[in-house]
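Welcome! Take your time and find each residue as you go.

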Amino acid sequence: MNRQLEATKILDAVIAGNFLMRTHADQRRLQRSISMEEIARVARTSFEWRWQESKQTHLFIGYRDAEMTKGGGFSAVMDESGAVIVTIFKRRLRKKKETGK
Amino acid sequence: MTKNFKGILNLNYIEIKNVPVAKSDKHGILVHASVQSEMEKIAARAILQRHLPIRGKEVHFFRKVLGLSQSQLGAEFKKSAIMVLKWEKKKDVRLSLPNELAVRAVFSRLLGLRFDLAEEFRALLDAKLVKSLVVDYAEECAQLEMAGVAVA
């Protein structure tokens with residue numbers, strides 16, 4: 001399957017709440033205090049997507065909060081059991097530099 | 001297949017038993033997202049129903065489970081986000097009784113629980129911190145289904 005199409009399907013599944021999580025991802029989620037609501041929000045506001053060749057996973061980065069100030073991300077794969085989240089993390093977002101005038 | 005989970009978000013004293021999981025050859029044990037969300041809500045309901053004291057970390061937990069921002073939660077009390085921030089900053093400090101009652105009333109409403117002010121007041125006077133809170137996922141889901149609430 002086309003990687004981009006796969007990424008779209010993963011995002012759709014995560015937004016709809018129809019996905020699976022590895023126990024590793026769940027442990028990381030609990031450790032990092034990220035709620036399920038925040039994962040869905042990261043998917044909804046996702047502004048960066050990358051296919052990680054070395055890990056064979058899709059990486060998504062978005063915002064965790066309604067104010068769009070806190071970043072977060074997750075890596076996921078699409079297989080026969082559906083969208084599976086491999087890991088979840090918080091991401092500090094760099095402030096956009098002021099461009100002169 | 002079921003599994004027990006210890007600790008939910010920032011609350012390490014909660015243990016949820018008999019959570020349905022699936023096994024995959026490639027990924028190991030998998031948990032469905034709807035089950036995860038339900039686990040968080042079950043834990044939140046258990047805290048309110050068992051009249052456990054509300055501290056900063058519990059306020060943070062409830063807010064995260066319901067997906068509210070600090071300003072959205074503050075608006076529920078007609079207060080600013082700073083008020084919520086102050087509560088959450090003091091992780092292990094219990095809220096004052098009037099604030100705790102207000103927080104309980106708001107979260108009970110948002111989680112679809114019954115709230116009786118007189119009953120809550122009496123229960124909160126004797127409320128004590130617990131070392132562990134064990135909740136059975138299957139039992140809670142069965143109770144919710146009996147009450148007519150859709151569960152994952």
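**A first stop: a charged pair in a helix**

Glu6(A) counts as buried, because its relative accessibility is 10%. Keep in mind that this is a predicted model. The partner of Glu6(A) is Arg3(A), and the two form a salt bridge with their closest N and O atoms 3.7 Å apart. Arg3(A) counts as partly exposed because its relative accessibility is 34%.

**Salt bridges inside the chains**

- Over all chains, the structure holds 18 salt bridges.
- Side chains of opposite charge can pair when their charged atoms come close.
- Arg3(A) and Glu6(A) sit three residues apart in helix α1 (residues 3–16) of chain A, which is about one turn of the helix.
- An α-helix has 3.6 residues a turn, so residues three or four places apart point the same way.
- Glu100(B) and Arg104(B) form a salt bridge, with 3.6 Å between the closest N and O atoms, and both residues are buried.
- Arg45(B) pairs with Glu38(B) in another salt bridge, where the closest N and O atoms are 3.6 Å apart.
- Are Arg45(B) and Glu38(B) buried or exposed? Both of them are buried.
- Some charged residues link up in a network: Arg55(B), Lys57(B), Glu58(B) and Asp92(B) are joined by salt bridges.

**Where chain B meets chain A**

- On the chain B side, 21 residues are in contact with 24 residues of chain A.
- The size of an interface is often given as the accessible area lost when the parts come together.
- Here the area buried between chain B and chain A is about 1,900 Å², and carbon and sulfur atoms give 51% of it.
- Which three residues supply more of the area that chain B buries against chain A than any other three? They are Leu9(B), His27(B) and Lys64(B), which together supply 29% of it.
- The interface between chain B and chain A has two salt bridges.
- Lys64(B) forms a salt bridge with Glu38(A), and their closest N and O atoms are 3.1 Å apart.
- Between chain B and chain A, 15 residue pairs are in polar contact.
- On the side of chain B that touches chain A, β1 (2–8), β4 (28–32) and α1 (33–49) of chain B each supply at least two residues.
- The largest share of that side comes from α1(B), with five residues.
- By type, the residues on the side of chain B that touches chain A are seven nonpolar, ten polar and four charged.

**Strands that pair**

- One pairing crosses between the chains: three bridges join strand β1 (residues 20–22) of chain A to β4(B), and these strands run antiparallel.
- To find this pairing, look for Leu20(A), which stands opposite His32(B) in β4(B).
- Within chain B, four bridges join β2(B) to β5(B), which run parallel.
- In that pairing, Glu15(B) stands opposite Val134(B) in β5(B).
- Strand β5 (residues 133–136) of chain B has two faces: Leu133(B) and Val135(B) form the covered one, while Val134(B) and Asp136(B) form the uncovered one.

**A mostly covered helix**

- How many of the eleven residues of helix α2 (residues 56–66) of chain B are buried? Eight of them are, and the helix is mostly covered.
- Among the buried residues of α2(B) are Val59(B), Phe61(B), Phe62(B) and Val65(B).
- Charged residues are buried in α2(B) too, including Glu58(B), Arg63(B) and Lys64(B).
- Gly67(B) follows α2(B) and has a positive phi, near 70 degrees.

**Backbone angles to look for**

- Most residues other than glycine have a negative phi, and most peptide bonds are trans.
- Asn18(B) is not a glycine, yet its phi is positive, about 55 degrees.
- Asn18(B) lies in strand β2 (residues 11–20) of chain B, and it counts as partly exposed because its relative accessibility is 30%.
- Lys78(B), also a residue other than glycine, has a positive phi near 60 degrees.
- Where is Lys78(B) found? Look in the loop between α3 (70–76) and α4 (81–89) of chain B.
- Lys78(B) counts as exposed because its relative accessibility is 78%.

How values were computed
Residues numbered from 1 in each chain as written. Chains lettered and ligands numbered in written order. Predicted model: local features only at pLDDT ≥ 70, side-chain atom pairs only at ≥ 80, totals over all residues. Heavy atoms only, no water. Contact = heavy atoms within 4.5 Å. Buried area = accessible area lost by both parts, 1.4 Å probe. Salt bridge = Lys/Arg side-chain N within 4 Å of Asp/Glu carboxyl O. Polar contact = N/O pair within 3.5 Å; in protein donor to acceptor, adjacent residues only side chain to side chain. Pairing = 2+ DSSP bridges. Buried < 20%, exposed > 50% of the residue type's maximum accessible area, 1.4 Å probe, protein only.
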